[in-house]
Amino acid sequence: MKIEITMPKLNEAMETGILCQWNVEEGDTVSAGDILCEIEYNKVVTELEADRDMTIVSLFAEEGDELPCGAVIAAAETEADA
């Protein structure tokens, strides 16, 4: 199954976040709990974890991009597709 990875909304006041660093590349297989990227909001950096096993298909955002909450930053496929 194809899934979209989006910019998280870390609290009610958050409208945008900055993608600080990718910890994955296109084609990488990750497990639930692996760190996908680091997001900065209000001078605090938070790690975004994979919520399931998946393979990263595409990265749509670049490091340093400021994006609205809910914006698609990557696409992946779950193991069920294999």
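## Close-up views of an all-strand predicted model

**View 1. The nonpolar core.** In the largest nonpolar core, which has 21 residues, the members that touch the most others are Ile5, Trp22, Leu36, Cys37, Met54, Ile56 and Ile73. A nonpolar core here is a set of buried Ala, Val, Leu, Ile, Met, Phe, Trp, Tyr and Cys residues joined through side-chain atoms within 4.5 Å. Buried means under 20% relative accessible area, exposed means over 50%, and partly exposed lies in between, with a 1.4 Å probe and protein chains only. At least two residues of this core come from each of β1, β2, β4 (35-41), β6 and β8 (72-78). Strands (E, at least two residues) and helices (H or I, at least four) are DSSP runs, numbered from the N terminus. Please keep in mind that this is a predicted model: local features need pLDDT of at least 70 and side-chain atom pairs count only at pLDDT 80 or more, while totals for chains, interfaces and linings use all residues. Residues are numbered from 1 along each chain as its sequence is written, and side-chain values use heavy atoms, with hydrogens and water left out.

**View 2. Around isoleucine 5.** Which residues does isoleucine 5 contact once its neighbours within four places in sequence are set aside? The partners are Leu36, Leu48, Met54, Ile56, Ala71, Val72, Ile73, Ala74 and Ala76, where contact means heavy atoms within 4.5 Å. Ile5 is also among the core members that touch the most others.

**View 3. The sheet β1-β8-β6-β3.** This open sheet has 4 strands in the order β1-β8-β6-β3, with antiparallel pairing. Its edge strands, each pairing on one side only, are β1 (2-6) and β3 (29-30). Two strands count as paired if DSSP finds at least two bridges between them. β1 and β8 run antiparallel and are joined by 5 bridges; here lysine 2 stands opposite glutamate 77 in β8. Another 5 bridges pair β8 with β6 in the antiparallel sense, with serine 58 opposite alanine 75 of β8. At the β3 side, 2 bridges link β3 to β6 (residues 54-59), again antiparallel, and threonine 29 has threonine 55 of β6 as its bridge partner. How many of the 7 residues of β8 are buried? The count is 5, and β8 is mostly covered.

View 4. Strand β2 (residues 16-22) pairs with β7 over 3 bridges in the antiparallel sense. Within this pair, glycine 17 has leucine 67 in β7 as its bridge partner.

View 5. Asparagine 42 counts as exposed because its relative accessibility is 62%. Lysine 43 is exposed too, with a relative accessible area of 77%.

**View 6. Serine 31 and its partners.** Serine 31 lies in the loop between β3 and β4. With a relative accessible area of 37%, serine 31 is partly exposed. Serine 31 touches Ala50, Arg52 and Asp53, leaving out residues up to four places away in sequence. Serine 31 and aspartate 53 are 22 residues apart in sequence, yet 4.1 Å apart in space from C-alpha to C-alpha.

**View 7. Stepping back to the protein.** The protein has 8 strands and 0 helices. Its radius of gyration is 12 Å, close to the 12 Å that the globule rule gives for 82 residues, so the protein is as compact as a globular protein of that length. The radius is taken over C-alpha atoms, and the rule is 2.2 Å times the number of residues to the power 0.38. Of the 82 residues, 33% count as buried. Among contacts with a separation of 6 or more, 56% come from residues 24 or more positions apart.
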